[in-house]
Amino acid sequence: MTESEATRDALSAAPSILHGFYADPNLIEFDGVFYLYPTSDGLADWAATTFSVFSSTDLVRWDDRGVIFSVAEDTTWAHGHAWAPAISRRGGRFYLYFTADQDNIGVAAADSPLGPFADSGRPLVAAGQFSGRAIDPAVFVDDDGSHYLLWGNTVAHLVKLNEDMVSFDPEAVSSWDLPGFREAAWMHRRGSTYFLSWSQNDTREEDYRVHYATSSSPRGPWADQGVLLSKHPDRGIYGTGHHSILRVPGTDDWLIAYHRFSIPGGDGHRREVTIDRLRHTADGRLEIVEPSTSPIHVDHFRSTITP
């Protein structure tokens, strides 16, 4: 595809919601404000060392709230390769989970979603502790308030976090060999159904995509349901993956944030973030996600969100 063709096709895809190159977005809502925690992109070998956060009240206008944590400066055990942040709140504290040094998962805590975050002082999941690579953390909060950590590359892992949010029982880890699983496991629940979704292929490939399965338990077993989100070559959309899913508070409307190759001319090191609708079906499955042609606005769901 020529650059002019890519530019033309980009007109049929919603623009990136953040200015610049970002990937691996964790979309979440706290007290009536939406936040995005992404990986900083545009660097060879994904060599970012810091994490920034963005906030919005309408899902369209996003404010850069600055750097909230530096792997190089705020830890004593890691130097760089700051990837795939994930965040959760418990008891008035906010916990930031992150990949560092390509094969470790750390955790830092703060009194605000904007930081500053203080590191726990050690990896939560260390390189070689479990099969596969220790990357791409995500947090699932079940209806009973239990917090689960997911992570993994080539093998997916899940474990219930202890109440301190910075430890877990290694003997309680569940591990799965999912169809085509590469990385970026994410879990959400609607009613009695648990949905586990993940990225297949390599983020540098045009066919990077999201697959999903369902279960009646967060620990499986899982019924494979196929591809949820994939490329649209006719619209210049490639490399759609590493997502997060959020229910719009007070509604039964859902959002999926993910990255794709930047349009035009992007690749696996120049990625951008976008948000689309996620729709559940009456039979307990998910509709295939169709990339939108315009930004998602909170007014599409309800006129206001009250903290």
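The lining of the second largest pocket comprises 4 nonpolar, 5 polar and 9 charged residues. In this predicted model, that pocket holds about 280 Å³ of space. Its lining consists of 18 residues, and those nearest the centre are Trp46, Trp83, Ile135, Glu183 and Thr203.

The largest pocket has a volume of about 630 Å³. Phe140, Val141, Ile245, Leu246 and Arg247 are the closest to its centre among the 26 residues that line the largest pocket. Two or more lining residues of the largest pocket come from each of strand S1 (22-30), strand S5 (83-90), strand S9 (138-141), strand S13 (181-190) and strand S17 (241-247). Sorted by class, the lining of the largest pocket has 14 nonpolar, 6 polar and 6 charged residues.

The class counts of the two linings are set out below.

A separate site is Ser112, in the loop between strand S7 (104-110) and strand S8 (118-119). Ser112 counts as partly exposed because its relative accessibility is 23%, which lies between the limits of 20% for buried and 50% for exposed. Leaving aside residues up to four places away in sequence, Ser112 touches Phe94 and Phe117. A polar atom of the Ser112 side chain lies 3.0 Å from the backbone nitrogen of Leu114. Arg93 is 19 residues from Ser112 along the chain, and the C-alpha atoms of these two residues are separated by 7.1 Å.

Methods:
Residues numbered from 1 in each chain as written. Predicted model: local features only at pLDDT ≥ 70, side-chain atom pairs only at ≥ 80, totals over all residues. Heavy atoms only, no water. 1 Å grid on protein atoms, 1.4 Å probe; cavity = no way out; pocket = protein on both sides within 12 Å on 5 of 7 lines; lining within 4 Å. Points joined across faces, edges and corners; volume = space filled by probe spheres on them. Helix = DSSP H or I, 4+ residues; strand = E, 2+ residues; numbered from the N terminus. Nonpolar A, V, L, I, M, F, W, Y, C, P; charged D, E, K, R; others polar. Buried < 20%, exposed > 50% of the residue type's maximum accessible area, 1.4 Å probe, protein only. Contact = heavy atoms within 4.5 Å. Polar contact = N/O pair within 3.5 Å; in protein donor to acceptor, adjacent residues only side chain to side chain.
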